[in-house]
Amino acid sequence: MMKDGSGSAAAVVCCSVLILLISSAGFCSGGVTSRFVRKLEESQDMPLDADVFRVPPGYNAPQQVHITQGDYEGKGMIVSWVTQDEAGSSTVTYWTETGKKKVANGRITTYKYYTYKSGYIHHCTLKNLQHNTKYYYEVGTGQNTTRQFWFKTPPEVGPDVPFTFGLIGDLGQTYDSNSTLAHYEKNPIGGQAVLSVGDLSYADNYPNHDNVRWDTWGRFVERSTAYQPWIWTTGNHELDYAPEIGETKPFKPFTHRYPVPYKASDSTSPHWYSVKIASAHIIVLSSYSAYGKYTPQTQWLQDELPKVNRSETPWLVVLVHSPWYNSYNYHYMEGETMRVMYEPLLVKYKVDLVFAGHVHAYERSERISNIAYRIVSGDCRPVNDDNAPVYITIGDGGNIEGLANNMTEPQPEYSAFREASFGHATLSIKNRTHAYYSWHRNQDGYKVVADSVWFYNRIWRPYD
Ligand SMILES: [Fe+2]
């Protein structure tokens, strides 16, 4: 009996160990799929009479004020705004706490889109600014209504210069969008500039791409965009390509409204360019421009990557709209052709981080690459690679199209963390080796971190 009993006990233990091994092997196949429970309801655009869309008072008052870096190194700032009643002045008056007032003259552009006629869109570049300095500026100078704002220029570019970026994607103009922006603004980490990974207004979801929704979006985000530079990436909702109503020039509203300093990085298009900010070199790519061999974007990227001086800007960050690594059942593999074209370059030049949007959820990858595959080889799986970037999808700004909450199962090995919630992220570069990254879901308090990781620089500390 004893013998029989111990035999069956041993069999039970063996079975249990086997079951444990099998189940743990299955569990370990991927990273973390967050089980955070959130209310599932439609994301609704805020109505036209919402507070955040209010037109500023006063005749011809400047509205939709936004700034972006105006040169390669952060000594320039492009100030943009719209006047609705008449052209008015494109002059910006600006000054420091202690300095004299200076003026810069800008330019005006307008455009028509189907039956919509834009207001007067002003762009004015302030040049030769001092680094790390607070500037006040006034728009509407010399006309009926003036408005005053301020910004702080980035510190001088250098290898150990700390800087904190906000990361926002696919924002739109819903109540959730408003929550995302409020959470970013109140995040005590204190973002100094926003890296926007595309899909801004979602005006194209309205009949005939009602460009009034480009105006409301501009007024909605002004509370942030007038005070710190947003670095713009184009998404599919910036295309506004609508041949059925005779609108065949891609990116027409976006390019009239959101200028970028592409010429400073020897680009020939506002859809791909780079800027240096503090210790980071930011490369912006376009998912919706040609990226095949011999195309202008590819040629520019091939020329740009060798120019990056990691002794000056250790952190190399790429922004693109459509993610290359995405385990949600939305836009699945849409980024695949661009990944095939550009991933070997990014690994060769040891890019630290790639941020994308497009998928309305959050996902962070392991440090992986998938560049071994050739048509005659079978090596087509992502593998751990210390030279590769981490890929982060941050398309969770909260637009009208709602959450992407359907994931491929099981979670792929390369996917470290994923969650279908709206939110934003921040990247705090500390020095040439360390950067603290955190993601914040809208349902939590402003200080709560839902996912975080220390990133180590690929040149100066190339192991995790
Ligand atoms: Fe998109």
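Student: Which elements each supply at least two residues of the lining of the largest cavity?
Tutor: This is a predicted model, where local features need pLDDT of at least 70, side-chain atom pairs count only at pLDDT 80 or more, and totals for chains, interfaces and linings use all residues. Residues are numbered from 1 along each chain as its sequence is written, and side-chain values use heavy atoms, without hydrogens and water. On a 1 Å grid over the protein atoms alone, a cavity is a set of points where a 1.4 Å probe fits but cannot get out, and lining residues have an atom within 4 Å of a point. With strands taken as DSSP runs (E, at least two residues) numbered from the N terminus, the elements are β18 (353-356) and β21 (390-394).

Student: Which element gives the largest share of the lining of the largest cavity?
Tutor: Residues lining the largest cavity include W324, A356, Y391, I392 and T393. The largest share, three residues, comes from β21.

Student: What is the volume of the largest cavity?
Tutor: A volume is the space filled by probe spheres set on the grid points, which are joined across faces, edges and corners. For the largest cavity that gives about 40 Å³.

Student: What is the volume of the second largest cavity?
Tutor: Among the residues lining the second largest cavity are D170, D199, W217 and W230. Its volume is about 30 Å³.

Methods. On a 1 Å grid over the protein atoms alone, a cavity is a set of points where a 1.4 Å probe fits but cannot get out, and a pocket is an open set with protein on both sides within 12 Å along at least five of seven lines; lining residues have an atom within 4 Å of a point. Helices (H or I, at least four residues) and strands (E, at least two) are DSSP runs, numbered from the N terminus.
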